[in-house]
Amino acid sequence: MSVLIRRYKGNNGMMQEERIDDEDRIERYMRLFEKDDVKKLQTGVKCFIEKDEWQLLP
């Protein structure tokens, strides 16, 4: 089961982390991302997409 981790800066300026483990939500996010970013994520590399840091853990 994969986990998609999103790190972002909240409204209060503090870094927050969201862990997404629902396979349907992960698939929806992957369709939104560009192909190059999806390839990086699938290898486990951290990517910055629109100011957020994303990482896919197998």
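Predicted model: local features only at pLDDT ≥ 70, side-chain atom pairs only at ≥ 80, totals over all residues.
## What you're looking at

Residues are numbered from 1 along each chain as its sequence is written, and side-chain values use heavy atoms, with hydrogens and water left out.

## Overall layout

The protein has 2 helices and 4 strands, and from the N terminus the order is β-β-α-α-β-β. The radius of gyration is 11 Å against the 10 Å that the globule rule gives for 58 residues, so the protein is as compact as a globular protein of that length. Helices (H or I, at least four residues) and strands (E, at least two) are DSSP runs, numbered from the N terminus. The radius is taken over C-alpha atoms, and the globule rule is 2.2 Å times the number of residues to the power 0.38.

Along the principal axes, the C-alpha atoms fill a box of roughly 30 × 20 × 20 Å. Of the 58 residues, 36% count as buried. Take contacts (heavy atoms within 4.5 Å) between residues at least 6 apart in sequence: 35% of them join residues at least 24 apart.

## Surface and charge

On the charge side, the mean positions of the 12 positive and 13 negative charges sit 4 Å apart. Lys and Arg count as positive and Asp and Glu as negative, while His and the chain ends are not counted. Each charge is placed at NZ of Lys, CZ of Arg, CG of Asp or CD of Glu.

I20 is in strand β2 and is buried, with a relative accessible area of 1%. Beyond four places in sequence, I20 touches S2, V3, L4, R25, I26, Y29 and W54. E18 is also in strand β2, and its side chain makes a polar contact with the side chain of R25 at 3.0 Å. Such a contact is a pair of N or O atoms within 3.5 Å; within protein, one must be able to donate a hydrogen and the other to accept it, and residues adjacent in sequence count only if both atoms are side-chain atoms.

Two C-alpha distances are handy here. I20 and I5 are 15 residues apart in sequence and 6.2 Å apart in space. D22, in the loop between β2 (15–20) and α1 (23–32), is 15 residues from R7 in sequence and 17 Å from it in space.

## The β3–β4 end

E50 lies in the loop between β3 (47–49) and β4, and K51 lies in the loop between β3 and β4. Neither is a glycine, yet E50 has a positive phi of about 50° and K51 one of about 70°. E50 counts as exposed at 72% relative accessibility, and K51 is exposed with a relative accessible area of 82%.

Q55 sits in strand β4 (residues 52–57) and counts as buried at 13% relative accessibility. The Q55 side chain reaches the backbone oxygen of G44 at 3.3 Å. Leaving out residues up to four places away in sequence, Q55 touches several residues, including V3, L4, I5 and R7.

Terms used. Buried < 20%, exposed > 50% of the residue type's maximum accessible area, 1.4 Å probe, protein only.
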